[in-house]
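Please look over the structure below before reading the points. They start with one pair of side chains and then move to the whole chain.

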Amino acid sequence: MSSAPGNREDGVPPDRGSEDVTLDDSGGDIASTTGRQELEMCLGNNEIKSRAVVKYSAAPPPTTYALLQEKTDLKLPPANWLRESPQLGPAGSTVLGSSSKSKPFSSFGMAYDFIDSIGDDVDVVSDSENIKKLLKIPYSKSHVSMAVHRVGRTLLLDELDIQELFMRSSQTGDWTWLKEFYQRLIDQKWQRKKKSKEHWYQKAILSKFLYYSINGDGAAEPVPDSDNPDEGCRAEEFGPSWPATFTSTASDSEESAAHKEEGVPMDSKYALGQVASKEQNLTTLFNEGENSQGLRNDFVRNILWTFEDIHMLVGSNMPIFGGGRYPAVSLRLRDNNKPINILTGIDYWLDNLMCNVPELVMCFHVNGIVQKYEMIKTEDIPDLENSTFSTRVVKDIAQNILSFLKSNCTKEGHTYWLFKASGSDIVKLYDLTTLCEEAAEEKCQNPFTLPVAVLLYKVASNMMLKKSQNRKHYGTIRTLLLNCVKLLDQDRHPQIIASAHYMLAELFQLDEPPEEGAGGESLRAGGSEDSYSDDEEDPEDLPEDSDENGSFSTTLDSQDDSKAVAIIKSVGELSVPEKYKSTHQIRPIYAFPVSQDKEERCRHVLSYVLKGLKAVDGSIKKESDLPAADPNTPIPLKYDDGSKAVEKGIALLLDRAGPFQEDRKHPTRSGMIPGSWQHRMKLQLFFKASKAYYVLSDAATNLLKYGRALRYIKLALQCHDAYCSVSITLHSRVLLFHSQCLSLCGDIQLMLAQNASNRAAYLEEYSYQTKEDQEVLHSLHRESSCQAFNMASDLATDPEYQLFVSSKCYEAAYELLTSGVVKEHGPEQLAQVLKRLGNIRNEIGVFYMNQAAAMQTEKEVKKSVSIAEQEIWKKSFSCFEKGMKDFEAIEDSTNTSLLLCNTGRLMRICAQAHCATSADLSRGEFSPEESLYYNKAIDYYLRAMRSLATRGNHPAVWDSVNWELSTTYFTLATLLQDYAPLSRKAQEQIEREVTEAMLKSLKYCDLQTESARQPLYQYRAATIHHRLASMYHSCFRNQVGDEHLRKQHRSLAELHYSKAVLLFLSLKDAPCELLRTLLERVAFAEFTMAGQSSSGAKLKTLTGALDILTDTRHAFLLIHKELLEDHTETDCPELTRPLDSGADGTTSSGLNTIEVMKLIGVFEPSFSFLLLQLVKLMTAMKRKPSNKDEELLKTYKNVYSKILRAEKTAPLLSRIELFLDLLQQLTPNTGSGDLGASS
């Protein structure tokens, strides 16, 4: 048939402009209202719902049929007989304009064209002739032989002409196993049945009648070489419509599908272009003879027919004419001497229903002479005389047959044979695939295998293109693809197999978390990946012979029946309403193995990728010049830290990461031709493998398994290396992903450097390789040496080198993201990489800074700064500066301030290194270099605070910088005070600088904010006040002449002493500091008294000094408490025994007993001196003492005498208890000063 202009739209019915249009867009014909409108046919009490939508039509608009004159002799051929006519279809057409036989693959041709409908929307795809034959089974004694295939919930029905098949078998020997089975179990005396002369006579006059009925004047074209019309019909009847067994050779064209995808992005299509393997295109896939249409859709029209609740895609070649009361009619020729029987009536009725034709025109003849015409409405056909039938019964037959087939044809990819012998009432269903597998002969092939596999692939591929819209189809796609792969031989169909495995890998989402409530990790219990459950109930709950199961059974007696999958014991049962209803609603087992575990998903992906790679590798002919790698031998992963290798590795790393590759016109290392399907498929598989390994690496990183993570990222980079080796240019999405891999590799190397203590465990993880990984590597090595990224992904033993490699990975990722191809696609990724770059530079800077600090600690004698130290400082400073630029580029003020803070710390280390030492190795004066670096440190800390602006932006970082700044000022002031550079500066200048630094340090002491550092701030503030008080005390003692300045120093000393005491009193863990401050304050009072002349002034000063001294009671109470706690912890029964302390005099509670003893050594004489002086002054007073004075004098004498008699060798605890008692006597009005308060 020549292809008339037609418009095939996959699953999209023609758009109709109005209700009364009768033609489709392609000029095809459709009758009655619109194709979308449901046509209800009411036949008495029988109401049948039928709707037909023309999906495609190659026929011209229907023309009015020619009304033949009475007595026209149909035995005489018309002038246009057997000439090709678009109205009738192909030349040689006979009954109803179609050959008496369907093509064995006609349903596949339709399925390929309307792939959207297959698997879900449509129940049956078949030739209309096959549908009619099935629905007439209970009324007909003729044999039925059909092949049934399942795709999802769709059944494909094709005529299986056993006689023709066996004729072919006798010539080729291909189907002898089926012939033997047929003869053994069904028909032992099988022989070819020949058609009668009457049969050919009837076919000839029907053909002539149809040509007479065309008003064709010059439209018909001659058909060459058709001298004998009967022979033409005979050739059509007996011609080789069956395919030969598939035996193509590898020498056939390899590039049949390649040209279709030139210029198409890799991710927009799957690799099967016209569904061709490396052997042949599907259009010439089978050796069917010169006139064969192969797997093409040969029908004049394809119709989506809904009959009750059954959706069918049918192919019809019935000629449709205009004329009569309706826009469309069908023409029939009948012998007036033979009444219409029920089979003919059903035939006519179903044809009109399928094509939505409302009227039938019947031409009656006697011995070929036209007698009359009669017009019959379609709804009246079931009530014709001698052919009356119930449309409800036909509906029941259709539903029962569909239920029977769906219940038993459960395995996708299997060929089922529905067979009813002539004159028999028994219908049997066989699984030919299983019988074929059981056959002993080697040369045993099912010709349906490849068409079924290709259809499964096409349906899955079509669903894949829509997978983002509806993920519930993932299970369906997976099942279709697995069954497709099962049917194919990898050596013969590597392209379909590779593409199917790639799609299977694509089903597993690696970059998204699985949806909540997803299915389990495997197929549901009881199901398999190629089968379907028959109904919602457990089949074991139903008895075998119950009506719910129908009368077919799988427990059969005879040898014949034992081979059948199922049997309908009597065709009469098909007329029983809802006989097989329980099995009509089919629930496919399509569970997709969803796992919450990323590693498991990635392993699924890699498994499919590997199978795809094996299929591609097996199809490449050239095997020379390949490395002799054994897939079972692990590839060694060694680290070479030679300097040359490092430099070469860095250069290679950056070069391989570049966006452009040179054009490749020559075959790749394995022999692939650029642009071939193998080339495109390998690119996709390599990229998918790289993504899977990346996800595995990321998951291992999150689990802190850094050795495993490095191994996976190495494999990901090796996949990318192989990708680069075969790719012509690198797409921006590939480069973006590669930058992610490099960033992750940098993260892992950084983590390895920071966790050097676990290196042995990481090495063990890194060295382990699965067999699957080894096989993937083996496939990668066919295209590339995979050495480009070794420097980045090797496991080193030196933390410094690992940090260095990490920084190089980030730098390479940065170079990629700032290249022209990728720049616009990854702004967010660029910010992340810059952040990582800043971080790694900070880490390297800290690493060198710690090295510098360690070098100072290790130096036994403070010498001048070495060149090595200076080099380390420079490296550290350079890293900090680069890191700051990275963070400033992304306006990250927090991290910028942290790096400024670290730079400040580096400056302090530099200052410490310039500490001067005198000849006797003691600390020398504060040097200018120290001052320079401390002031630089202060500058960096101030910049850090300015970067943060306010504490609210990042309180933790702000507090840290604030603390470091306060510490630096304090250290500077302390060193200036303790090691004053008197050789360079005047005392007054030093004092001013100390005061200035101390006050600035005090300014940054945050005493108000509650935090972990608050006690430290309080202690520092107290220490600053104490130091300032001491300095002014010293100035007051040493100042001579300027009385105003002395008074100023005296008042400042008093002020800072009082503030220091208040702050030390608020602290509960600084008794020694409090005691020292109070004693210094007493000494200050004693010195003041020494300069006084009048007794009254002296008495007042002494009394004030004694009041200060009595405040030491708080310090002694704290010391007493800590000593008691220490005794309790050591379980000492004697509280008065000598105290055990460490070498430095520190007890377990942290109290320095040596320091306490020293302070007591100052306290006792000062206490004695004050009491003695008070007793002397009060005794020598000229005025008469009051009673109160006498009591005080008595107390002073009593306390003084006790101090004098106190044993200096008594235990520390006893002495402190004595002091507390004496101090308590001096403050009789204070009720809280007893020893009980200390507990």
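1. R711 and D773 form a salt bridge between their side chains, 3.8 Å from N to O; the term stands for a side-chain nitrogen of Lys or Arg within 4 Å of a carboxyl oxygen of Asp or Glu. R711 belongs to helix α17 (residues 706–726) and D773 to helix α20 (residues 771–780), so the bridge ties together parts 62 residues apart in sequence. Helices (H or I, at least four residues) and strands (E, at least two) are DSSP runs, numbered from the N terminus. R711 and D773 are both buried; buried is under 20% relative accessible area, exposed over 50%, and partly exposed in between (1.4 Å probe, protein chains only).

2. This is a predicted model, in which local features need pLDDT of at least 70 and side-chain atom pairs count only at pLDDT 80 or more, while totals for chains, interfaces and linings use all residues. Residues are numbered from 1 along each chain as its sequence is written, and side-chain values use heavy atoms, leaving out hydrogens and water.

3. The average pLDDT of the protein chain is 75, and 73% of the residues score at least 70; pLDDT is the predictor's confidence in each residue, from 0 to 100. Over residues 635–644 the pLDDT is below 50.

4. K338 and E198 also meet in a salt bridge (4.0 Å, N to O). K338 sits in the loop between β9 (329–335) and α7 (342–355), and E198 in helix α5 (residues 197–213), 140 residues apart.

5. The structure holds 35 salt bridges. E129, K132, K136, R332, D347 and D351 are joined in a salt-bridge network.

How values were computed
Contact means heavy atoms within 4.5 Å.
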